[in-house]
Amino acid sequence: MSGTLDRRWIYLAMMLAVALPILWNGVTGKTFPESPTPPSQACFDAIEALPAGSRVLVSFDYDPASEGELAPMATTFLRHLMHKGLRPVIIALWPLGPTKAEETIANVMKVDFPDRVSGRDYVNLGFQTGNEGVLKVIGTDFRKQFPVDRSGTPVDRLPIMEGITKVGDFPLVITISAGYPGGKEWVQYVSSANPGLVLLAGVTGVQASQVYSYYPGQLRGMLAAIKGAAEYEALVSAAIDGDRVTAPKYTEARRRMAPQLFGHLLLIALIVIGNAMYFAQRRCKAVAP
Amino acid sequence: MSRSIALLICLVGGLTMLVSPFLPMATGWANEVTDWFNILAAMAFVLGGGSLLKVQLMRLSARGPGWGYSAVTLLAFVVTLWVGLGKVGVVADASAPAVAWSGKPDDEGSAFWWIYLYVMTPITSTLFAVLAFYVASAAFRAFRAKNLEATLLLVTAFIILLGRTFAGVVLTGWLPDWASGLRLENLAVTIMDVFNTAGNRAIIIGIALGVASTGIRLMLGLDRSYLGGDA
């Protein structure tokens, strides 16, 4: 029965369901209002609670495949941290993480916070191979895994790294993760071993159901997929911009909620139609001689 | 003899990692073991590259179905390796402008950076994006309310799909405060918070027990499957 609807019509419908709202966003610049769920609010509150000057470890554990969901989170996290006067120390457990970090630094720090200096106010320490092995070692010896920053400067010469010997020296750790290694491994090897440390995670929709199990215990806050990113983005925009117009690069997540809405509605419509056809077919078979 | 050495390494490595959280003096040993793990993991990259070359060359020489894909894979592998290791197009670092190779292979403007930005990024993003089309098609063809369990799954999916968008607010935002728990966005959170978390925690605890028992079997040499063959 399902063969009566060519799958190419479904593909076309999905394309329109996503493309038209993007077009609408582009023309009107409007986004849907967002009300934060507790995990997103917890992320915002954890960062707000830190005193200015605190160092925050941010791990870019994703690559371009998940950029659609995670890049808006990364942008908003860094914007929030810099606005609060916090100092992000960036690392990556994924090989392409440092490049994503550089893109975000260029987008946020270098444009909106040009007075902040790399090595003093923020730093990108790059990628280290070893997955959870890296997390295990930084639990006791951070510099063993990250001896130099991305430009090759020894961390001993970076003011931002002064006094940092292990991951527990950071009051807050943020992981923006697309899978393995990511949120789950940070909970298992870092959060669990450092009870005083606050861990936040921004994760993809696929990962969210798994990582949700650790919230709000080992994981203080969490941004689940683009919806979580949009909620957090709205909170940060309200705190920083107030009534002023927010720059488009800081509305990326909210602009993606309209395509998501129509994509979801299409999915529901397709499931309903598929079921209607299935039951009609079953009834036909039942009454057939 | 070689198997005994491998078993001994496994036992010592496993025990070191096991006792390190309880014995401060063993922390350094555990870091050494982790370093060795990282070294072996790096060697595995070389083995993986060799294996990829071998498999794709065999498929190419056999001219079997899809041999063209093997040719593309090989070409991409060799070109990327050459560009990365040879630092093709790398701009000299400001600290050593006279040294041609002093820049990083993935610095902006290098050939490796170009491949990353204009080949890898669009390909991986596209691959992820087309999932939406397959999910829509699969949902239409396979998601049927055939029995009670399937119906519950279907209803849960609808709540999550609507609750994670503005549709939830539009459809149930009118509900009074005393019934706010029934708003779709709140129902979606409850499903994730209660049912999903309970199920996932059960799975995680089960996996942890399985990992612990497998670890003990490996350390005691009862499970030797990682040594290959029927050892």
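The C-alpha centres of domain 1 and domain 2 of chain B lie 32 Å apart. Domain 1 of chain B covers residues 1-66 and domain 2 of chain B covers residues 131-231; such bounds come from an automatic or database domain assignment. The contact between them takes 7 residues from domain 1 of chain B and 6 residues from domain 2 of chain B. Two residues are in contact if their C-beta atoms, placed from the backbone, lie within 7 Å. On its side of this contact, domain 1 of chain B has 5 nonpolar, 1 polar and 1 charged residues. Ala, Val, Leu, Ile, Met, Phe, Trp, Tyr, Cys and Pro count as nonpolar, Asp, Glu, Lys and Arg as charged, and the others, Gly among them, as polar.

The model is predicted: local features need pLDDT of at least 70, side-chain atom pairs count only at pLDDT 80 or more, and totals for chains, interfaces and linings use all residues. Residues are numbered from 1 along each chain as its sequence is written, while chains are lettered from A and ligands numbered from 1 in the order in which they are written.

Chain A contains an open sheet of 6 strands, in the order β3-β2-β1-β4-β5-β6, with parallel pairing. Helices (H or I, at least four residues) and strands (E, at least two) are DSSP runs, numbered from the N terminus. Strands pair if DSSP finds at least two bridges between them. The edge strands of chain A are β3 (123-127) and β6 (221-224), each pairing on one side only. From one strand to the next, the twist averages 15 degrees. Strand β2(A), residues 87-92, pairs with β3(A) in the parallel sense over 3 bridges. A:F127 of β3(A) is the bridge partner of A:A92.

Helix α4(A), residues 97-107, lies across β1, β2 and β3 of chain A and runs at about 160 degrees to β3(A). Angles run from 0 to 180 degrees between N-to-C directions, and axes are lines fitted to C-alpha atoms, for helices over the stretch in contact. Helix α2(A) lies across β4, β5 and β6 of chain A, at about 125 degrees to β6(A).

Helix α2(A), residues 38-48, also packs on α10(A), residues 225-240, at an angle of about 45 degrees, with the axes 9 Å apart. The two helices are therefore oblique (angles under 35 degrees count as roughly parallel, over 145 as roughly antiparallel, 65 to 115 as roughly perpendicular and the rest as oblique). Residues of α2(A) in this contact include A:C43 and A:F44, and those of α10(A) include A:Y232 and A:L235. By class, the contact has 6 nonpolar, 2 polar and 1 charged residues.

Between the chains, 43 residues of chain A are in contact with 40 residues of chain B. On the chain A side, α12(A) gives the most, with 15 residues. That side divides into 19 nonpolar, 17 polar and 7 charged residues.

One helix pair links the two chains. The axes of α1(A) and α5(B), residues 131-142, come within 9 Å and cross at roughly 125 degrees. The pair is therefore oblique. Among the contacting residues are A:I10 and A:M14 of α1(A) and B:F133 and B:F140 of α5(B). This contact has 8 nonpolar, 1 polar and 1 charged residues.
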